[in-house]
Amino acid sequence: MSATVSFPDVVQWAVPLFIAAILAELVWILWSGRGGRYETRDAVTSLIMGAGNVASGILLGFIAWGFFMALWAVTPLDLGTSWWVILLCFVLDDLRYYWVHRFGHRIRWVWASHVNHHSSQHYNLTTALRQTWTGTFTFMMVVRAPLILMGFHPAMVLFVGGLNLIYQFWIHTEAIGRMPRLFEAVMNTPSHHRVHHGRNARYLDANYAGVFIVWDKLFGTFVPEDDAEKPDYGLVQNLGTFNPIRVAFHEWVALFRDLLRPGLTLRQRLMYALGPPGWSHDGSRLTSAEIKRRALARETGAGNRPARMPAE
Amino acid sequence: MPLEILIALVVGGIAGIAALTHVAGLSRRRTFDAADKARTGWLREFPDDRVTSVTLLSDPHAALVEADLGAGLVWAMGADTVARRLAGARAARRGDRLILRFPDWGAPRLALRVTEAEAHAILSHLKEAP
């Protein structure tokens with residue numbers, strides 16, 4: 001297998017575009033008085049998280065790259081680098097992204113890494129750059145293994161993954177309402193992704209798509225934006241700090257504190273790591289399913305209120 | 001892209017955007033000048049609660065909320081809000097400031113300028129917490 005194939009690091013080359021687009025969005029909001037909100041510390045935290053994500057890629061990228069090249073060495077398949085192979089790789093990698101993203105919301109070990117992307121109470125182009133520093137430790141690189149074993153070169157797989165991330169940058173905005181109907185039907189858009197960032201009960205665990213919203217429609221996780229219910233951005237329990245270190249690691253700290261609690265069974269420890277966010281051995285916390293059930297009960301007036309919350 | 005250019009772009013970009021937002025007045029913190037604002041902030045985090053009383057503090061960026069499922073504080077997180085119950089928190093008085101430490105790595109500390117009466121009200125809930 002040839003290992004000399006190379007593709008540009010498109011995410012790094014897109015940095016000037018990111019900065020220019022953020023400035024344009026900010027000027028538009030200041031000038032027009034609509035299209036979203038900015039707050040200094042929130043924006044700076046998001047940008048530092050983005051810079052840290054690039055730095056962690058430079059420092060830890062060799063781990064995923066080594067894994068991919070090991071797979072490339074054993075696969076007998078090589079699809080080459082023609083344009084249709086790159087296109088097919090892009091589409092299949094987007095399917096890969098959908099599942100990694102879904103795991104990122106449904107498995108606490110992966111959520112511990114992804115949570116920081118949802119930790120802003122704002123939704124603007126800086127939020128797009130609020131990316132993880134700890135993605136390597138989720139081991140989600142294994143989800144890319146099938147692509148490489150099918151004969152897509154690792155450099156190509158990372159290249160299309162970069163294009164996927166760049167596509168997702170522009171959808172983190174309130175400055176765009178809805179795109180034309182056909183576009184909204186097939187592609188991920190600002191409207192669809194606003195739903196994904198909403199902490200409203202009805203918007204939790206929805207719209208995991210990267211580029212093509214069709215995956216959500218296919219796998220039953222699509223929720224359209226309801227004009228009557230504006231997304232409330234952030235986490236179910238919002239952070240009380242702008243410190244990037246705490247933003248990056250707070251859920252890992254909470255996870256390991258739970259894992260190391262005395263008196264738990266092995267199954268309970270595994271559930272704290274691999275169960276859904278909000279799972280607890282004594283039922284003192286709420287998963288997204290329970291949050292939705294209670295929200296529905298409040299809306300319909302069917303009272304089902306918890307007893308006094310136990311202390312941590 | 002050469003690393004030195006990437007670093008210059010990132011540092012310059014962050015500094016420029018920070019300066020622009022600050023000059024444009026986007027660094028202002030939320031204030032709780034009415035009980036309804038504090039109640040709304042609390043119910044964002046604890047929608048199952050029934051709020052029984054709201055005490056606006058002399059520090060306009062925070063309020064004490066009493067609810068049937070437990071009392072706590074709601075405070076400004078930049079232009080937005082965050083809330084935590086007082087259960088499990090520790091407090092220390094430093095001059096006219098009350099320093100609260102929550103058992104939460106994502107919301108570790110809150111410093112409030114409060115009067116003696118306000119500090120007493122907050123501390124009394126710490127003692128009541130289970």
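Which domains does the domain assignment give for chain B? There are two of them: domain 1 covers residues 1–28, and domain 2 covers 35–128. Keep in mind that this is a predicted model. In it, the C-alpha centres of domain 1 and domain 2 of chain B sit 33 Å apart.

Let's step into chain B at helix H2, residues 35–45. Here Ala38(B), Gly41(B), Trp42(B), Arg44(B) and Glu45(B) are buried. These residues end up on the same side of H2(B) because they span an arc of only 155° around its axis. And what do the buried residues of H2(B) pack against? Their partners are four strands of chain B: S1 (51–56), S2 (62–67), S3 (72–77) and S4 (80–85).

Further along chain B comes an open sheet of three strands, ordered S5-S6-S7 and paired antiparallel. S5 (90–94) and S7 (109–113) of chain B are the edge strands, each with a single partner, so one side of each has no neighbour in the sheet. On average, neighbouring strands here are turned by 20° against each other, ignoring direction. Look at S6(B), residues 97–101: five bridges tie this strand to S7(B). Across that pairing, Arg101(B) faces Arg109(B) in S7(B).

Now for where the two chains meet. On chain A, 38 residues are in contact with 37 residues of chain B. Helices H1 (10–13), H2 (15–32), H3 (40–74), H12 (244–259) and H14 (288–300) of chain A each bring at least two residues to the side that touches chain B. H3(A) gives the most, with eight residues. Sorted by class, this side of chain A has 19 nonpolar, eight polar and 11 charged residues.

Note on methods
Residues numbered from 1 in each chain as written. Chains lettered and ligands numbered in written order. Predicted model: local features only at pLDDT ≥ 70, side-chain atom pairs only at ≥ 80, totals over all residues. Contact = placed C-beta atoms within 7 Å. Nonpolar A, V, L, I, M, F, W, Y, C, P; charged D, E, K, R; others polar. Domains from an automatic or database assignment. Buried ≥ 20, exposed ≤ 12 C-beta atoms within 10 Å, placed from the backbone. Arc of directions from axis to C-beta. Pairing = 2+ DSSP bridges. Axes fitted to C-alpha atoms, helices over the stretch in contact; angles between N-to-C directions.
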